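Thank you for coming; I would like to walk you slowly through one protein today. Please have a look at the sequence and the structure first, and then we will go through some residues together.

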Amino acid sequence: MKKNTTLSLATPSLSSAAAAAATMIYLYLFFDVTLYAESALQVYYLAMAGYGYYQWRHGPRQAFKPIRKWSLKHHSAALLAIFVTTGLVGGLLTETKSQAPFLDAFTTCSSLIATYMVTQKILEN
């Protein structure tokens with residue numbers, strides 16, 4: 001008997017609902033342990049999931065986007081962006097009761113850059 005491995009393609013409503021539920025659980029858990037940047041990241045992921053679902057259902061059908069590689073210059077700029085935003089966000093989080101402001105900021109800022117790279121089909125994401 002063949003297993004259905006394409007649940008997300010066959011039933012986008014169900015997979016979107018499951019993704020939203022999981023994101024809401026993580027949002028609650030991160031907020032509960034005062035990881036505020038991670039909580040904000042979950043809100044971003046929830047918004048992007050909604051946008052992605054909308055685009056899947058109603059957006060224009062675009063041509064295939066090729067997978068690309070970034071140069072050292074692009075990677076250096078991404079790392080610089082991660083470190084600068086980590087410093088800024090971490091500094092803001094020190095004004096809250098965040099448990100680990102700079103670690104929280106680093107993982108959040110890195111995740112945002114990585115998500116952007118995935119959307120652009122960058123191989124080294």
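Let me begin with isoleucine 25, which lies in helix H2, residues 12-32, where a helix is a DSSP run of H or I with at least four residues, a strand is a run of E with at least two, and both are numbered from the N terminus. Residues are numbered from 1 along each chain as its sequence is written, and side-chain values use heavy atoms, with hydrogens and water left out.

Is isoleucine 25 buried or exposed? It counts as exposed, because its relative accessibility is 51%, and the cut-offs are under 20% relative accessible area for buried, over 50% for exposed, and partly exposed in between, with a 1.4 Å probe and protein chains only. Together with Tyr26, Tyr28 and Leu29, Ile25 forms a nonpolar patch on the surface, with about 460 Å² of accessible area in total.

Now to confidence, where pLDDT is the predictor's confidence in each residue, from 0 to 100. The mean pLDDT of the protein is 86, and 89% of its residues reach 70 or more. Where pLDDT is low, the predicted coordinates should not be read in detail.

As for the overall layout, the protein has 5 helices and 0 strands, and buried residues make up 20% of its 125 residues. If we take contact to mean heavy atoms within 4.5 Å, then among contacts between residues at least 6 apart in sequence, 61% join residues at least 24 apart.

One such place to look at is isoleucine 67, which is found in the loop between H3 and H4 and is exposed, with a relative accessible area of 59%. Which residues does isoleucine 67 touch, not counting those up to four places away in sequence? They are Lys121 and Leu123, and the C-alpha atoms of isoleucine 67 and leucine 123, although 56 residues apart along the chain, are separated by 6.3 Å. Lysine 121 itself sits in the segment after H5, is partly exposed at 31% relative accessible area, and has a phi near 60 degrees, a positive value in a residue other than glycine.

A positive phi turns up again at threonine 34, where the value is near 55 degrees. This threonine 34 belongs to the loop between H2 and helix H3 (36-58), and it is buried, with a relative accessible area of 15%.

Serine 39, in helix H3, counts as buried because its relative accessibility is 5%. Leaving aside neighbours within four places in sequence, serine 39 is in contact with Leu27, Phe30 and Phe31, and a polar atom of its side chain lies 3.0 Å from the backbone nitrogen of phenylalanine 31.

Finally, threonine 115 has its place in helix H5, residues 101-119, and its side chain reaches the backbone oxygen of serine 111 at 2.7 Å. Not counting residues up to four places away in sequence, threonine 115 touches Tyr44 and Tyr45.

How values were computed
This is a predicted model: local features need pLDDT of at least 70, side-chain atom pairs count only at pLDDT 80 or more; totals for chains, interfaces and linings use all residues. Patches are made of residues with over 30% relative accessible area and no salt bridge: like charges are joined within 9 Å, nonpolar side chains (Val, Leu, Ile, Met, Phe, Trp, Tyr) within 5 Å. Accessible areas come from the Shrake-Rupley method with a 1.4 Å probe; for residues, only the protein chains shown count as cover. A salt bridge is a side-chain nitrogen of Lys or Arg within 4 Å of a carboxyl oxygen of Asp or Glu. A polar contact is a pair of N or O atoms within 3.5 Å; within protein, one must be able to donate a hydrogen and the other to accept it, and residues adjacent in sequence count only if both atoms are side-chain atoms.
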